[in-house]
Amino acid sequence: MAAALLATVLALAACDSKNISELEEGVSTEADVRARFGEPENIWDGPNRGRIFEYNRQPQGQKNYMITIGTDGKMSALRQVLTPENFARVQPGMMMEDLRKMLGKPAKVTPYALRRETEWEWRWVQPPNSSMVFTATLNDDQRVVRSGSSPDRGTEAP
């Protein structure tokens, strides 16, 4: 079972790398993006009336992609959002929706009813190849109360 999961993760990573290499900012169209990545997990409102397509690789993968499509129908940005820079932007008081738009769908959501909190977890790789988990804890008001990263004990980085 572990070997099959590892094979799936490696295949997904290889497909993403190939798909990304076939897209060019300012040239590739929405149709090109959908042909390589499929239907997005979510579509968010982007800057200047553009749209942001979310391509989630959780829980099997360790990346989430946000691809911006401009009003001209062309891809203006493709970024992997599970990064230390984005995690540093997560601050107490941040709304759940803003967190979701920034990092994409989490790998795991765990409610703690007695504490009246919910933990959201994303699996990611800290360069060069350390498997990590970023956790954001939300309160009943759906606001971040704390966050941080720790080693991912459940997997090894590909």
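This is a predicted model: local features need pLDDT of at least 70, side-chain atom pairs count only at pLDDT 80 or more; totals for chains, interfaces and linings use all residues.
**Reading a sheet and its cores**

Student: How many bridges join β5 to β6, and which way do the two strands run?

Tutor: Five bridges, and β5 and β6 run antiparallel. Their hairpin has four residues between the strands, and R116 there takes a positive phi near 60°.

Student: What is the strand order in the open sheet?

Tutor: Read it as β5-β6-β7-β8, four strands with antiparallel pairing. β5 (108-112) and β8 (144-151) are at the edges with a single partner strand each, so one side of each has no neighbour in the sheet. On average, neighbouring strands here are turned by 20° against each other, direction ignored.

Student: What joins β7 to β8?

Tutor: Seven bridges, with β7 (residues 130-139) and β8 running antiparallel. Look for F134, which sits opposite S149 in β8.

Student: Which strands does helix α4 lie across?

Tutor: Helix α4 (residues 96-103) lies across β6 (117-126), β7 and β8, and it runs at about 15° to β6.

Student: Now the cores. What's the general idea?

Tutor: In soluble globular proteins, nonpolar side chains tend to be buried together. Here, the largest nonpolar core has 19 residues, and L82, V90, L99, L103, W122 and F134 have the most contacts inside it. α4, β6 and β7 are the elements that give two or more residues to this core, with the largest share, four residues, coming from β7.

Student: Which residues does the second, separate core include?

Tutor: L23, F53, Y55 and Y65 are among its 10 residues.

Definitions and conventions: Residues are numbered from 1 along each chain as its sequence is written. Side-chain values use heavy atoms; hydrogens and water are left out. Two strands pair if DSSP finds at least two bridges between them. Axes are lines fitted to C-alpha atoms, for helices over the stretch in contact, and angles run from 0 to 180 degrees between N-to-C directions. Contact means heavy atoms within 4.5 Å. A nonpolar core is a set of buried Ala, Val, Leu, Ile, Met, Phe, Trp, Tyr and Cys residues joined through side-chain atoms within 4.5 Å. Buried means under 20% relative accessible area, exposed over 50%, partly exposed in between (1.4 Å probe, protein chains only).
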